[in-house]
Amino acid sequence: MAEATGFAEFATSRHGALFRYAYLLTSDRGLAEDLVQEALVKTYVGWHRLRDPNNAEAYTRRAITTTAIGWWRRKSWRAERPYDDVPDQPVGADDATARVWLWRELQKLPPRQRAALVLRYYEDLTEPQTAEILGCSVGTVKSQVSDALKKLRARLGSDVVLKAGITE
């Protein structure tokens, strides 16, 4: 009974942060909620295996990440998504437009690169924390972030990426 209470407290207190992370990965509220629910089910099933309940959030974030990557692979979420209002160039764009452009380009990145950027720059985690959640080495995190930033700079230009507050 104490395990169920501990899990319920965790799920209630961290739901908002977990949802925000899932939303940043998917950019879809419905899919983000589905991801959080799926990850919480996995966390609940594995709750008795957690030696330290303080690691529950990292465990759940990793479940969100791996579940999302699996969904992207199976459902071909990498397909192009049409937009009505895409200008030819973001040159001279104001900060809000630059952020919209950046957000759209972020959605085109491969899942692991997107996850690494979201964890590092939106969730403000350190490289070791990001590596733990993604289940990889710190070096892999650095290369994923570097590759993602190169792609964003090539598509948007360095000035747009800098305006959005993302730097290596």
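**Reading the aromatic cluster and a buried glutamine**

User: What separates F7 and F10 in helix α1 (residues 2-26)?

Analyst: A helix is a DSSP run of H or I with at least four residues, numbered from the N terminus. F7 and F10 are three residues apart in helix α1, so about one helical turn separates them. The model is predicted: local features need pLDDT of at least 70, side-chain atom pairs count only at pLDDT 80 or more, and totals for chains, interfaces and linings use all residues. Residues are numbered from 1 along each chain as its sequence is written, and side-chain values use heavy atoms, without hydrogens and water.

User: How many aromatic pairs are there?

Analyst: Rings of Phe, Tyr and Trp (its six-membered ring) pair if their centres lie within 6.5 Å; planes under 30 degrees apart are stacked, over 60 edge-to-face, and the rest tilted. The count here is five aromatic pairs. One of them joins F7 and F10, and is tilted because the planes stand at 50 degrees, with the ring centres 6.4 Å apart.

User: Is F7 buried or exposed?

Analyst: Buried means under 20% relative accessible area, exposed over 50%, and partly exposed in between (1.4 Å probe, protein chains only). F7 is buried at 11%, and F10 is buried as well at 9%. F7 also pairs edge-to-face with Y44, at 5.0 Å between centres and 65 degrees between planes. Since F7 belongs to helix α1 and Y44 to helix α2, this pair ties together parts 37 residues apart in sequence. Ring pairs join F7, F10, Y44 and W47 into a cluster.

User: Which residues make the nonpolar surface patch?

Analyst: Patch residues have over 30% relative accessible area and no salt bridge; like charges are joined within 9 Å, and nonpolar side chains (Val, Leu, Ile, Met, Phe, Trp, Tyr) within 5 Å. A salt bridge places a Lys or Arg side-chain nitrogen within 4 Å of an Asp or Glu carboxyl oxygen. Areas follow the Shrake-Rupley method with a 1.4 Å probe, and for residues only the protein chains shown count as cover. V41, Y44 and V45 make a patch of about 300 Å². V41 is in helix α2 (residues 29-46), and Y44 is partly exposed at 46%.

User: Which residues does Q113 touch?

Analyst: Contact means heavy atoms within 4.5 Å. Leaving aside residues up to four places away in sequence, Q113 touches Q144, D147, A148 and K151. Q113 lies in helix α5 (residues 111-122) and is buried at 7%.

Note on methods. Helices (H or I, at least four residues) and strands (E, at least two) are DSSP runs, numbered from the N terminus.
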